[in-house]
Amino acid sequence: MTDQELDVCILRLAQDEGCDALRLIYDEMHRPVYLYALSMLKDKYTAEDVAQDVFVQVAVSAPRTFRAQGKPRSWIFAIAHN
């Protein structure tokens, strides 16, 4: 999925077009987010919990904080980092 396509999915999520958009975002970004969390936490169970929490936060935060600027992956990783 390109960054533009990911931008569109997050914008759809922000506009309350929910489940399908979130599923596409999750399918695209779950593994990279999980691996990022695992690299920081060094525990697979905690990393999985963090990865799940990230996507809940993506769904909640999209309407308030997402601005399509061509860097949706950075926005998602910022959520994971925080």
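Predicted model: local features only at pLDDT ≥ 70, side-chain atom pairs only at ≥ 80, totals over all residues.
Residues are numbered from 1 along each chain as its sequence is written. Local features need pLDDT of at least 70 and side-chain atom pairs pLDDT 80 or more, totals for chains, interfaces and linings use all residues, and side-chain values use heavy atoms, with hydrogens and water left out.

**Exercise 1. Helix α1 against helix α3**

Task: Determine how the axes of α1 and α3 cross, and which residues meet.

Solution. 
Step 1. Helices are DSSP runs (H or I, at least four residues), numbered from the N terminus. Here α1 covers residues 3–14 and α3 covers residues 44–65.
Step 2. Axes are lines fitted to C-alpha atoms, for helices over the stretch in contact, with angles from 0 to 180 degrees between N-to-C directions. The axes of α1 and α3 come within 8 Å and cross at roughly 80°.
Step 3. Angles under 35 degrees count as roughly parallel, over 145 as roughly antiparallel, 65 to 115 as roughly perpendicular and the rest as oblique. The two helices are therefore roughly perpendicular.
Step 4. Contact means heavy atoms within 4.5 Å. From α1, Ile10, Leu13 and Ala14 meet Val58, Ala59, Ala62 and Pro63 of α3.
Step 5. Ala, Val, Leu, Ile, Met, Phe, Trp, Tyr, Cys and Pro count as nonpolar, Asp, Glu, Lys and Arg as charged, and the others, Gly among them, as polar. The contact of α1 with α3 has 7 nonpolar, no polar and no charged residues.

**Exercise 2. Helix α1 against helix α4**

Task: Classify the crossing of α1 and α4 and sort the contact residues by class.

Solution. 
Step 1. The axes of α1 and α4 come within 8 Å, crossing at roughly 60°.
Step 2. At that angle the two helices are oblique to each other.
Step 3. Asp3, Leu6, Asp7 and Ile10 of α1 meet Pro72, Arg73, Trp75 and Ile76 of α4.
Step 4. This contact of α1 with α4 divides into 5 nonpolar, no polar and 3 charged residues.

**Exercise 3. Aromatic pairs**

Task: Describe the geometry of the pair tyrosine 26 and phenylalanine 55, then that of phenylalanine 66 and tryptophan 75.

Solution. 
Step 1. Rings of Phe, Tyr and Trp (its six-membered ring) pair if their centres lie within 6.5 Å; planes under 30 degrees apart count as stacked, over 60 as edge-to-face and the rest as tilted. The structure holds 3 such pairs.
Step 2. The ring centres of tyrosine 26 and phenylalanine 55 are 5.1 Å apart and the planes are at 70°, so this pair is edge-to-face.
Step 3. Tyrosine 26 lies in helix α2 (residues 18–41) and phenylalanine 55 in helix α3, 29 residues apart, and the pair links distant parts of the chain.
Step 4. Buried means under 20% relative accessible area, exposed over 50%, partly exposed in between (1.4 Å probe, protein chains only). Phenylalanine 55, at 4%, is buried, whereas tyrosine 26, at 28%, is partly exposed.
Step 5. Phenylalanine 66 and tryptophan 75 are also edge-to-face, with 5.0 Å centre to centre and 65° between the planes. Phenylalanine 66 is buried at 5%, and tryptophan 75 is buried at 15%.

**Exercise 4. Salt bridges**

Task: Trace the salt bridges of aspartate 20, and then the bridge between glutamate 28 and arginine 73.

Solution. 
Step 1. A salt bridge is a side-chain nitrogen of Lys or Arg within 4 Å of a carboxyl oxygen of Asp or Glu. The structure holds 5 of them.
Step 2. Aspartate 20 bridges to arginine 12 at 3.4 Å, N to O, and to arginine 23 at 2.8 Å, N to O.
Step 3. Arginine 23 and aspartate 20 both lie in helix α2, 3 residues apart, about one turn of the helix.
Step 4. Arg12, Asp20, Arg23 and Asp27 are linked in a network of salt bridges.
Step 5. Glutamate 28 and arginine 73 meet in a salt bridge of 3.5 Å, N to O. This pair links distant parts of the chain, from glutamate 28 in α2 to arginine 73 in α4 (residues 72–81), 45 residues apart.
Step 6. Glutamate 28 is partly exposed at 26%, and arginine 73 is partly exposed at 24%.
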